[in-house]
Amino acid sequence: MKTPDTLRAVLARIDGRGYKAYEDIRGEYDFGSYRLTVDYVQPDPFAPPSQIIARLSQAEAGFPPGLFSNAVRRTALEDFLARRFHELSGRSRPGSRGTGRSGLISIDGPPQEVIRRTAVLVGEAAVEARFVVGLPARGRTVLGRQAAAIFFDEIPYLVEKALVWRHLDAAAAARHVDAVEDAAFIRDGLRERRLVAFVADGAILPRASGVDDRPLAGRDVVAFRSPDALRVEFRTPHRGAVTGMGVPEGVTLVVGGGYHGKSTLLNAVEKGVYDHLPGDGRELVVTDPLAVKIRAEDGRFVEKVDISPFITNLPFGRDTRSFSTADASGSTSQAANIMEALEAGARLLLIDEDTSATNFMIRDARMQRLVSKDREPITPFIDKVRQLHRDLGVSTILVMGGAGDYFEVADTVIMMDEYLPKDVTAEARRIAAEGGTGRAFEGGERFGAVRPRRPLPESLDASRGRREASVAAKGLHAIAFGRSTIDLSFVEQLVDISQTRAVGDIILHAARRCLDGSRTLAEALALVERDLREKGMDILSPYRRGDYAMPRMLEVAAAINRLRTLRCA
Ligand code: ADP
Ligand code: MG
């Protein structure tokens with residue numbers, strides 16, 4: 001290992017030389033209280049910045065073991081430290097010390113969600129931060145003194161303030177870790193209580209705006225308050241008793257006038273598969289971890305999905321037990337989204353009328369009379385939702401302000417009224433009993449089969465030109481995978497581009513290591529998940545990245561399903 005004096009000498013020597021000379025600083029340096037590794041050096045000041053790792057032994061960092069005594073607490077502590085590092089490094093701006101990215105010091109910035117990531121890693125022996133630095137230059141000329149300021153002033157300051165326990169706010173760290181553990185505790189307890197979601201009294205659900213995920217602020221914000229009939233209590237390890245609305249298993253309908261907060265509630269439940277930081281407003285909005293948002297997605301690609309529970313007798317006798325298309329319709333895309341989610345292990349479907357195909361959701365009495373069943377390929381969701389729960393144990397929460405026919409199939413009906421929920425189950429039942437809908441039930445006795453598919457690994461082809469594998473996240477909702485682009489615009493439960501990045505590399509890992517043409521998609525993803533849990537996300541990359549965040553295997557499946565080269569046996 002090299003000494004800091006070596007680094008200082010190299011920076012002095014290469015000062016004023018061409019940018020390539022920065023290659024000479026690659027290596028490991030012993031800074032006394034921590035070890036600094038320059039893992040990757042950018043080729044020019046405009047290129048993606050250089051990768052740096054700072055590693056402190058716990059003897060230096062001094063974190064109380066209780067703060068990372070289990071996987072949930074560890075992830076929360078790592079998240080807390082990454083946020084602190086991010087906040088402190090926020091003052092360094094690209095361009096502040098020269099051309100291009102010169103002067104940037106940046107760590108992967110977490111969203112409102114607390115997710116396992118690789119930016120900061122806490123272990124029994126050491127604490128590690130992985131960040132990037134824009135090595136300073138004027139034009140393409142090395143600015144050695146500016147670089148020295150980064151390595152000898154700024155990084156030591158960040159390491160000290162963000163990674164050494166005695167410089168951190170102990171109370172804030174405990175609050176962060178405890179809040180996350182309370183949410184995880186409730187999530188673990190849902191199934192035993194036969195609940196699929198929990199929304200705490202006092203939760204703030206609306207967001208600042210469509211592009212700002214922080215809580216909506218102001219006097220007009222209505223805090224959540226459970227209807228008495230649905231109120232449940234959890235005794236959490238840190239906060240003690242917490243009350244809120246428990247959404248029971250089965251079929252739950254969310255009704256109410258337009259603009260009364262229905263979609264806002266559903267969106268919060270969608271994100272409740274993740275933990276949130278204290279102060280987010282949704283830190284105790286908790287959902288079954290296998291909940292999947294389902295929507296229509298016309299134009300999407302579909303490979304050999306059995307959509308026959310919902311769609312049969314397509315024109316020209318197209319087979320819907322192995323349905324493929326490069327351009328699905330609204331209804332077939334929604335059916336495929338459901339069947340794929342079930343194949344990947346979903347236990348709760350979340351559906352909003354705003355983003356559903358009407359003809360997939362409902363076929364009313366009049367339409368049934370005009371268009372006979374043998375001329376309509378679609379069995380609407382209303383005629384399958386009960387069997388879905390009875391046969392497969394899969395629950396549904398459905399926002400439906402426009403079709404009261406659903407009263408007949410709902411176990412629970414919640415009305416959003418000026419942003420507050422009311423339990424209107426009894427009233428909805430009474431209305432349903434008074435006069436039938438006049439509809440004929442079209443769904444049959446059973447839901448039907450969920451047929452597992454066996455993806456062919458060679459079809460997940462990431463090659464591009466001379467490169468064997470070229471995979472990159474292009475924003476939160478797209479992955480460049482080889483010569484294809486995977487469009488994830490409608491995969492709404494991705495929350496962080498670092499998850500998207502991981503999804504791309506997980507697909508590659510699955511294709512190389514887990515899929516063999518005879519394994520099913522679900523089996524392969526279970527293997528991937530175990531690998532990631534046991535060995536960490538570093539298995540996804542040839543070098544140690546600081547910009548991965550853990551996706552759910554449900555989103556990985558969603559991405560594989562949208563890769564247009566996918567072929568199944
Ligand atoms: P719906 O789906 O019933 O038509 P939305 O959920 O889209 O209604 O909500 C309509 C608007 O009300 C949104 O702009 C949202 O931010 C706001 N809103 C939702 N819930 C609340 C609340 N609890 N307090 C204040 N504003 C809210
Ligand atoms: Mg809505």
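Predicted model: local features only at pLDDT ≥ 70, side-chain atom pairs only at ≥ 80, totals over all residues.
**View 1. Helices α13 and α14 cross in the right-handed sense.** Residues are numbered from 1 along each chain as its sequence is written, chains are lettered from A and ligands numbered from 1 in the order in which they are written, and side-chain values use heavy atoms, with hydrogens and water left out.

Helix α13 covers residues 521–535 and helix α14 covers 553–562; they pack at about 130°, axes 10 Å apart. That angle is why α13 counts as oblique to α14. (Under 35 degrees is roughly parallel, over 145 roughly antiparallel, 65 to 115 roughly perpendicular, and the rest oblique; axes are lines fitted to C-alpha atoms, for helices over the stretch in contact, with angles from 0 to 180 degrees between N-to-C directions.) Helices (H or I, at least four residues) and strands (E, at least two) are DSSP runs, numbered from the N terminus.

On the α13 side, look for L521, L525, V528, E529 and L532; they meet M553, V556, A557, I560 and N561 of α14. The contact residues sort into 8 nonpolar, 1 polar and 1 charged. (Contact means heavy atoms within 4.5 Å; Ala, Val, Leu, Ile, Met, Phe, Trp, Tyr, Cys and Pro are nonpolar, Asp, Glu, Lys and Arg charged, and the others, Gly among them, polar.)

**View 2. Helix α3 packs against helix α5.** Here α3 (residues 71–89) and α5 (residues 170–190) make an angle of about 140°, and their axes are 9 Å apart. So α3 is oblique to α5, and their crossing is right-handed. From α3 come V72, R73, A76, L77, D79, F80 and R83, while α5 brings A172, A173, H176, V177, D178, V180, E181 and A184. Sorted by class, that gives 9 nonpolar, 1 polar and 5 charged residues.

View 3. Strand β26 (residues 478–481) is joined to β27 by 4 bridges, and F481 has S484 of β27 as its bridge partner.

**View 4. Strand β14 pairs with β10 and with β13.** Strand β10 (residues 195–200) runs antiparallel to β14 (residues 240–248) over 5 bridges, with L195 opposite P248. Strand β13 (residues 231–236) is also antiparallel to β14, over 6 bridges; there T236 partners G240. A hairpin of 3 residues links β13 to β14.

**View 5. F63 and W165 form a tilted ring pair.** The model has 10 aromatic pairs, counted when ring centres of Phe, Tyr and Trp (its six-membered ring) lie within 6.5 Å; planes under 30 degrees apart are stacked, over 60 edge-to-face, and the rest tilted. For F63 and W165, the centres are 5.6 Å apart and the planes at 50°, so the pair is tilted. F63 lies in the loop between α2 (58–61) and α3, W165 in the loop between α4 (144–163) and α5, which puts them 102 residues apart in the chain.

Conventions
Left-handed = near helix turned anticlockwise from the far one by under 90°. Pairing = 2+ DSSP bridges.
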